[in-house]
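Biologist: I would like to learn how to read a few features of a structure, going from a helix to its surroundings. Could you take me through them one at a time?

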Amino acid sequence: MLEGSRLGPAVRAKRANIESGHYPPNFKLRHAAKDLRLVIEAASAVDRELKVSGAARAWLDEAVERGVGDLDYSAVVATIVGEEPKP
């Protein structure tokens, strides 16, 4: 379903990672977590709450805590579904 959306190019680019369970770094998950933290902080500074972003941040933070911050950001999918991502 997401392939037909505006996210389609990113979904197609990361599909092989997700299907194989291997997440060689292209854009590291820890950088994605940091960027999302900055977005949420900026929104909070102007009294905006980004509820969905908060949930995404929790998943990214959990993945970093599990030690996969240097893998590709798509490794967050493994965290969401309870799998162990591989480099």
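This is a predicted model: local features need pLDDT of at least 70, side-chain atom pairs count only at pLDDT 80 or more; totals for chains, interfaces and linings use all residues.

Biologist: What span should the 13 residues of helix α1 have, and how far apart are its end C-alpha atoms?

Modeller: A helix is expected to span 1.5 Å times one less than its number of residues. Helix α1, residues 8–20, should therefore span 18 Å, and its end C-alpha atoms are 19 Å apart, which agrees. The helix also has a bend of about 45°, located at Lys14.

Biologist: Which residues in α1 are buried?

Modeller: Buried means under 20% relative accessible area. In α1, Gly8, Lys14 and Asn17 are buried.

Biologist: Which side chain joins that of Lys14 in a polar contact of 3.0 Å?

Modeller: The partner is the side chain of Asp72, a residue found in the loop between α3 (51–65) and α4. The side chain of Asp72 also makes a polar contact of 2.7 Å with the side chain of Ser74.

Biologist: Is Asp72 buried or exposed, and why?

Modeller: Asp72 counts as buried because its relative accessibility is 0%.

Biologist: And is Val81, by contrast, buried or exposed?

Modeller: Exposed means over 50% relative accessible area, so Val81, at 52% relative accessibility, counts as exposed. Val81 lies in helix α4, residues 76–81, and together with Trp59 and Ile80 it makes a nonpolar surface patch of about 280 Å².

Methods
Residues are numbered from 1 along each chain as its sequence is written. Side-chain values use heavy atoms; hydrogens and water are left out. Patches are made of residues with over 30% relative accessible area and no salt bridge: like charges are joined within 9 Å, nonpolar side chains (Val, Leu, Ile, Met, Phe, Trp, Tyr) within 5 Å. Accessible areas come from the Shrake-Rupley method with a 1.4 Å probe; for residues, only the protein chains shown count as cover. A salt bridge is a side-chain nitrogen of Lys or Arg within 4 Å of a carboxyl oxygen of Asp or Glu. Helices (H or I, at least four residues) and strands (E, at least two) are DSSP runs, numbered from the N terminus. Buried means under 20% relative accessible area, exposed over 50%, partly exposed in between (1.4 Å probe, protein chains only). The bend at a residue is the angle between axes fitted to the seven residues ending there and the seven starting there. A polar contact is a pair of N or O atoms within 3.5 Å; within protein, one must be able to donate a hydrogen and the other to accept it, and residues adjacent in sequence count only if both atoms are side-chain atoms.
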